[in-house]
Amino acid sequence: MNISSLQAASIQDIVSCLLEAFKDYFVPMPSDIDYWEARYRHARVNYEQSWGVFEDGSLKGFVVNGLGESLGIPTAFNTGTGIVETHRGRQLVDRMYAAGIPGLIEQGIRQCKLEVIDQNKRAIRVYERIGFQLGQQLKCYKGEVISKRKTKCLDRTIEQLPTTQFDPTYSWDHQTPALLLAKDVYRAVEVLGPADTLEGYIIINPRNGNIAQLETNTGNWEAIFDGIGQLANEVRIINIPEKRTELISYLTHQGFNNTINQYDMHMPLQD
């Protein structure tokens, strides 16, 4: 058994290991290879700085890292960790981080980040043992939106929206660098109210109702969701920081289902 980068591993091998590792997970995992290729591309995954546990040439565990910046700090974001059931209990995640961190530091990375489901106590203990610190809670919602068509949606490009100033509010996959890589997936719109006043904006995948970003200029969430309802009826909003109390209060009042929650975790790296 050896630990090395995922640079030479095929996406098929990574996805096969992922599906085996997550077969009894809290939420079902997509099995489509194309989905994971796109997901990892948008997450800015660097396979040379991602790690795997190999036994007789077969992948038994992995840490997949995206590289970029978070609040101006060079960051390795763990977009997925998995260990197949037969190889758990051997501290393989600890060993992968121990083997891989020197390479991250050499590349100028100053912190590691990840998100973990709050019910996954075992994973939280592992990450804390490695050196990660528990951060804010992130809430996920799902619900139905019915538009009264009191607002108007004006199509824009992501580049035309003030996304970067709100990036600290959003998780790794929904920050501007990721959205620009995935802009063929999303529809970006400004929401206009009476007399064409600008109420805010939405970035949404209209095919599945996943909302990447939503902001209001006026605090009028009803206007924003009236616009959302013109683009999709069933929507999902993931990883809303607990401090966004006005948005969370609106979702709760509208009967949205709080499907699952996560924690943000981070670990500073020392030279």
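For helix packing I took axes as lines fitted to C-alpha atoms, for helices over the stretch in contact, with angles running from 0 to 180 degrees between N-to-C directions. Helices (H or I, at least four residues) and strands (E, at least two) are DSSP runs, numbered from the N terminus. The model is predicted, so local features need pLDDT of at least 70 and side-chain atom pairs count only at pLDDT 80 or more, while totals for chains, interfaces and linings use all residues. Residues are numbered from 1 along each chain as its sequence is written, and side-chain values use heavy atoms, with hydrogens and water left out.

**Entry 1: helix pairs**

I looked up helix H1 (residues 11–21) against helix H2 (residues 33–42): the axes are 10 Å apart and the packing angle is about 100 degrees. H1 and H2 are therefore roughly perpendicular to each other (65 to 115 degrees counts as roughly perpendicular, under 35 as roughly parallel, over 145 as roughly antiparallel and the rest as oblique). Contact here means heavy atoms within 4.5 Å. On the H1 side I noted Ile11, Gln12, Ile14, Val15 and Leu18, and on the H2 side Ile33, Trp36, Glu37 and Tyr40. By class I got 7 nonpolar, 1 polar and 1 charged. For these classes, Ala, Val, Leu, Ile, Met, Phe, Trp, Tyr, Cys and Pro count as nonpolar, Asp, Glu, Lys and Arg as charged, and the others, Gly among them, as polar.

Next I took helix H3 (residues 92–106) and helix H4 (residues 121–130), whose axes come within 10 Å and cross at roughly 35 degrees. Val93, Asp94 and Tyr97 of H3 meet Val126, Tyr127, Arg129 and Ile130 of H4. This contact has 5 nonpolar, no polar and 2 charged residues.

**Entry 2: cores**

Which residues have the most contacts inside the largest nonpolar core? I found Ile203, Leu214, Phe225 and Ile228, in a core of 35 residues. A nonpolar core is a set of buried Ala, Val, Leu, Ile, Met, Phe, Trp, Tyr and Cys residues joined through side-chain atoms within 4.5 Å. Buried means under 20% relative accessible area, exposed over 50%, and partly exposed in between (1.4 Å probe, protein chains only). Among the elements that give two or more residues to this core are strand E9 (198–205), strand E10 (210–216) and helix H6 (221–229). A second, separate core has 25 residues, including Ala76, Ile83, Cys112 and Leu114.

**Entry 3: single residues**

I checked Thr79, which lies in strand E4 (residues 73–83). Thr79 is buried, at 12% relative accessible area. Its C-alpha is 6.7 Å from that of Leu114, 35 residues apart along the chain. Leaving aside neighbours within four places in sequence, Thr79 is in contact with Arg39, Tyr40, Ala43, Val45, Val64 and Asp173.

Glu234 is in strand E11 and is partly exposed, with a relative accessible area of 46%. Not counting residues up to four places away in sequence, Glu234 touches Gly143, Glu144, Asn208 and Gly209.

I then looked at phi. Most residues other than glycine have a negative phi. Arg44 has a positive phi of about 60 degrees; Arg44 sits in the loop between H2 and strand E2 (51–55) and is buried at 14%. Ala195 also has a positive phi of about 60 degrees. Ala195 is in the loop between E8 and E9 and counts as exposed, at 77% relative accessibility.
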